Amino acid sequence: MTTYSPFIAANRFGLGIQPGEYTKIEKDPKGWLSAQIPLANRLPPRYAQLGNSAQLIEMADADYRQRISFQQDGEVTEDEQLQLRAAQRLATALMRNHANQRLAVAIESDTPFAERLVRFWSNHFSVTLTNNKPTTVYAGLAYENETIRANMNRRFEDMLLSVARHPVMLTYLDNTNSLGPTSVLGRQRNRGLNENLAREMLELHTVGADGGYTQADVIALARMLTGWSVNLPTNTAARPDLQTPAGSFYYNARAHEPGTQQFLGKSYVDNGQQQAVTAIRDLANHPSTAVFIARKLVRHFIADQPPESAVIRLAQVFRDSRGDLASLHKALIDLNEAWDPRLQKLKTAEDFVVSTARALPGIALTDDILGILNDTLGSFNQTPFMAPSPAGWPEQAEHWGGPDALIKRVEFINMVTSAVGSDFDARDIVNLILPTNPGLQSAVRRAESKTQALTLLLASPQFQWRA
Amino acid sequence: MTHQQNSRINRRQFIQSAAIMAAAGTLPGLSWANSAISGNNKLAVIILRGAMDGLAAVIPYGDAALRTHRAALIPADETLLKLDNFFALHPAFPGLFQLQKAGELGIVHAIASAYRERSHFDGQNVLESGLETALPNATGWLNRALQVQNQQQAMALGQSVPLILRGQASVGSWAPPVLPALNEDTLTRLQSLYSADSFLGPRLQEALDARAIVSAGMTNSRARGFTALIDAAGNFLKAPGGPNIVVLENDGWDTHVNQGGAQGTLPRKFTELDNSITRLKTALGTTWQNTVVVVMTEFGRTVRVNGTLGTDHGTAGVAFLAGGGLTKYGSRPAVLGPWPGLSESSLREGRDLQPTNDLRTLIAEILQSHMGFNGQLLRELVFPGMPMSGFRAS
């Protein structure tokens with residue numbers, strides 16, 4: 001007999017419970033979660049005015065070109081310096097605003113399970129945006145909304161395809177530099193393949209490193225992907241496709257490697273950009289993909305060491321529904337293991353910060369406060385779209401709960417409670433945000449001040465875990 | 001994180017007009033006060049959170065019952081800083097002892113707020129609201145006082161504005177640029193919570209051990225924590241046009257376990273408080289002469305030592321007054337307030353020191369005679385439930 005705990009619903013599958021949510025969730029914790037699944041593709045109003053990726057990429061590209069042109073024509077004049085600094089200020093403000101909005105969406109969300117799912121998939125298809133790829137630095141949030149959020153109620157293959165065609169991913173994993181060795185451009189420039197996107201798509205996005213592919217499969221996929229690029233002017237020329245917006249997807253037939261490709265035991269005839277589309281759809285529905293995705297979901301939401309029974313069940317649903325994401329998300333919360341209080345996950349740094357803010361309703365989410373929280377994420381080394389590798393943020397408690405990380409969390413809570421500790425009565429909150437724990441309750445009750453009580457509650461081991 | 005939002009300090013020079021002073025009413029029971037009102041007078045309020053053990057701070061060594069209740073907590077007789085033939089300061093208070101000799105210290109024993117339960121939260125709520133019971137949306141008595149007499153400027157020193165200063169009147173706030181260090185007591189309590197967690201417990205311990213090593217090797221070049229607030233209090237109060245009232249908070253007084261007799265946790269807190277007041281005197285310079293510092297806590301602690309060599313939540317305790325401003329009140333006993341006694345039958349509920357004064361009457365006294373607040377308004381708006389009998393000096 002499974003007990004559906006409102007705390008597991010809100011803390012394990014959401015972003016941390018808000019004290020006021022308890023009574024709402026308590027009636028039907030599982031129903032509260034499943035009702036959020038169809039809402040996962042809604043765009044939060046805060047994101048409405050932030051611009052699409054094509055606009056943001058074009059803007060970043062223009063900024064980059066300006067920098068380069070000032071530097072290339074010899075000495076950077078004083079006027080040019082001023083222009084550069086002004087552009088830099090705007091860029092910083094834009095990126096801060098995006099980061100702030102993303103944090104606010106998580107803190108305010110009334111569909112926190114849907115928001116967690118978006119973040120799970122966004123991390124699955126992780127992009128790291130640095131100045132090495134200057135054209136995409138503004139577009140992380142747009143990428144997340146256009147590829148992940150927009151596809152939340154579709155199939156895994158749709159999401160995968162959307163990711164693979166997205167200018168941010170094509171740039172991040174170097175497909176924009178990949179030329180078919182015998183394509184027109186490849187022969188002209190005597191250059192060839194870049195396997196990066198193909199390899200990560202196999203290893204990280206679909207079948208997994210043990211999914212049964214060879215180096216020949218990597219090369220075949222890389223060849224099929226040649227020509228998938230971004231519509232941006234190269235050097236000083238105009239953008240290659242004047243019919244579609246700058247900064248959007250562009251298929252460059254002149255870079256495409258001609259010929260049929262053998263990929264994972266199947267033949268794919270060369271029908272231009274459709275060749276990779278067909279291959280990617282098959283890859284998304286590969287049996288190994290079902291298991292790889294199932295294990296990753298269970299590891300993310302339920303336990304660092306995923307119970308095999310749960311993995312088998314989810315993989316089954318993945319295959320039966322042909323990767324229907326809503327079915328998969330529903331199946332996740334239908335698992336008995338999902339509600340097992342003995343299984344535990346440690347909060348990531350981001351979720352620790354978000355759940356802290358959610359536990360303290362009424363704090364106005366001003367730019368200043370969101371900025372401080374984002375700086376905190378930086379000090380925890382979890383700035384959004386800055387994961388250390390294409391594998392995204394790690395899952396394991398060992399990663400998030402090291403000694404230094406723990407003390408930083410305690411110090412963060414100390415900072416928060418120093419500022420707002422006297423506004424909250426932890427005695428009223430403790431039973432509304434965490435499962436009954438006599439030791440914690442008594443520590444809170446016996447604290448010498450409201451500030452200390454709130455510190456003990458939010459810095460407690462119980463609040464580090466997702467139970 | 002919101003410490004900037006209340007920083008609406010209005011630095012206008014305030015002038016206390018003679019008219020306002022003339023309008024000052026009188027409170028009953030002004031037995032030891034004379035009119036000491038001056039337009040330049042300053043007030044510092046220090047809130048000790050966690051409930052200071054008044055019987056350990058100001059030891060009624062002349063009370064025959066004292067030893068039977070708490071022998072383990074009393075320092076050797078010859079080390080006591082005797083104020084008269086009945087009361088002594090704990091030996092960790094040499095600075096206060098000096099002030100007492102100079103007429104710059106007032107001690108009130110067996111004093112309490114209106115609160116009679118034993119919760120820190122509610123006790124602090126009542127201490128700061130000045131009301132009868134703890135209310136979730138209460139305003140602070142000092143804020144209400146500022147509303148009735150808006151020439152006064154108050155400032156909270158610390159990361160947030162405490163309840164005592166909350167309300168409609170605009171107040172300033174200032175926090176040191178470095179975050180307050182995690183306090184030792186909070187860390188100890190956290191360690192105890194983490195000890196039950198087999199994964200996180202050892203990791204937190206490892207981090208704390210590493211920190212201890214690092215901090216042991218560092219010299220404290222910059223004033224931190226409470227010292228920084230004391231320095232700020234001195235600077236603000238003596239600044240022309242600055243606030244004339246400051247509020248400071250000091251944590252760590254909840255001594256349930258091993259509080260210590262001559263030495264230990266509580267004597268270390270005494271030393272900190274003693275050094276702080278001495279430091280404030282130095283920082284204020286000549287401004288000390290027209291300053292009164294009020295040191296208060298939410299309640300006292302049990303008369304008997306408990307099973308873990310500490311004390312539990314009690315009722316009446318001690319309030320300190322310090323400052324050159326006190327010399328204007330003339331000669332008075334070293335310890336003010338009627339003494340209820342420590343015999344079994346005198347104890348409140350068989351365990352606590354019985355209150356003989358309401359803190360509000362003491363504060364009203366200071367607000368009126370030192371800061372020039374109107375007594376009538378104090379009684380009606382600031383402390384509406386204050387006993388009519390007023391402060392009892394003896």
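This is a predicted model: local features need pLDDT of at least 70, side-chain atom pairs count only at pLDDT 80 or more; totals for chains, interfaces and linings use all residues.
A residue counts as buried if 20 or more other C-beta atoms lie within 10 Å of its own.

**First stop: strand 6 of chain B.** Select residues 154–157 of chain B, which form strand 6. B:Ala154 and B:Ala156 point one way, B:Met155 and B:Leu157 point the other way, and all are buried. In a regular strand the side chains alternate between the two faces of the sheet.

**Second stop: the neighbouring strands.** Next select strand 7 of chain B, residues 172–174; three bridges join it to strand 6 of chain B, and the two run parallel. B:Met155 stands opposite B:Gly172 of strand 7.

**Third stop: the contact between the chains.** Now display both chains: the contact takes 35 residues from chain A and 33 residues from chain B. Among the helices of chain A that each supply at least two residues to this side are helix 18 (367–379) and helix 22 (438–445). Helix 20 of chain A gives the largest share, twelve residues. The side of chain A that touches chain B divides into 17 nonpolar, twelve polar and six charged residues.

Select A:Leu456, one of the residues that touch the most other members of the largest nonpolar core, which has 144 residues. Which residues of chain B does A:Leu456 touch? They include B:Arg189, B:Leu190 and B:Leu193. Apart from this core lies another, of 100 residues, including B:Val45 and B:Phe373.

Technical notes. Residues are numbered from 1 along each chain as its sequence is written. Chains are lettered from A and ligands numbered from 1 in the order in which they are written. Two residues are in contact if their C-beta atoms, placed from the backbone, lie within 7 Å. Helices (H or I, at least four residues) and strands (E, at least two) are DSSP runs, numbered from the N terminus. Ala, Val, Leu, Ile, Met, Phe, Trp, Tyr, Cys and Pro count as nonpolar, Asp, Glu, Lys and Arg as charged, and the others, Gly among them, as polar. A nonpolar core is a set of buried Ala, Val, Leu, Ile, Met, Phe, Trp, Tyr and Cys residues joined through C-beta atoms within 7 Å. A residue is buried if 20 or more other C-beta atoms lie within 10 Å of its own, exposed if 12 or fewer, and partly exposed in between; C-beta atoms are placed from the backbone. Two strands pair if DSSP finds at least two bridges between them. Lists of a residue's contacts leave out its neighbours within four places in sequence.
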